[in-house]
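Have the sequence and the 3D view at hand as you read.

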Amino acid sequence: GKGLEEDHSTKGAALAKDFLSQNKIPKEISREVQWLVENHLLLSTFAFRHNHQSSQVLAELKKRGVEGAALKRLLIVTVIDIMAT
């Protein structure tokens, strides 16, 4: 979705949904990929613009579903995104 007029995270998630649906990817995987695309800026935003040691920041990330396996996957996507830009 990068380079399009709309918010690229939201547009990218919509593009991913369409692609995954057309290719008959299971819905559970499709939802996770969409979430990763839509939220790929969360960790870098929180890391560079917030106090990453704050319990409020950690609570906000958890509220957005960033914990456990989702945190690990989002971290990988974040690193790849940073390296690509």
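Asn-39 is buried, with a relative accessible area of 15%; buried means under 20% relative accessible area, with a 1.4 Å probe and protein chains only. Before going further, note that this is a predicted model, in which local features need pLDDT of at least 70, side-chain atom pairs count only at pLDDT 80 or more, and totals for chains, interfaces and linings use all residues. Residues are numbered from 1 along each chain as its sequence is written, and side-chain values use heavy atoms, with hydrogens and water left out.

Where does Asn-39 sit? You will find Asn-39 in the loop between helix 2 (27-38) and helix 3. A helix here is a DSSP run of H or I with at least four residues, a strand is a run of E with at least two, and both are numbered from the N terminus. A polar atom of the Asn-39 side chain lies 2.9 Å from the backbone oxygen of Trp-35. Along the chain, Asn-39 and Ile-76 are 37 residues apart, and their C-alpha atoms are separated by 12 Å.

Now step into helix 3, where Leu-42, Leu-43, Ser-44 and Phe-46 are buried. What covers these buried residues? Helix 4 and helix 5 are included in the cover.

Helix 3 (42-49), helix 4 (55-63) and helix 5 (68-84) each supply at least two lining residues, with the largest share, 5 residues, coming from helix 3.

Finally, zoom out to the protein chain. The chain has 5 helices and 0 strands, and its C-alpha trace spans about 40 × 30 × 20 Å along its principal axes. Of its 85 residues, 25% are buried. Taking contacts (heavy atoms within 4.5 Å) between residues at least 6 apart in sequence, 58% join residues at least 24 apart.

Notes. Buried < 20%, exposed > 50% of the residue type's maximum accessible area, 1.4 Å probe, protein only. Polar contact = N/O pair within 3.5 Å; in protein donor to acceptor, adjacent residues only side chain to side chain.
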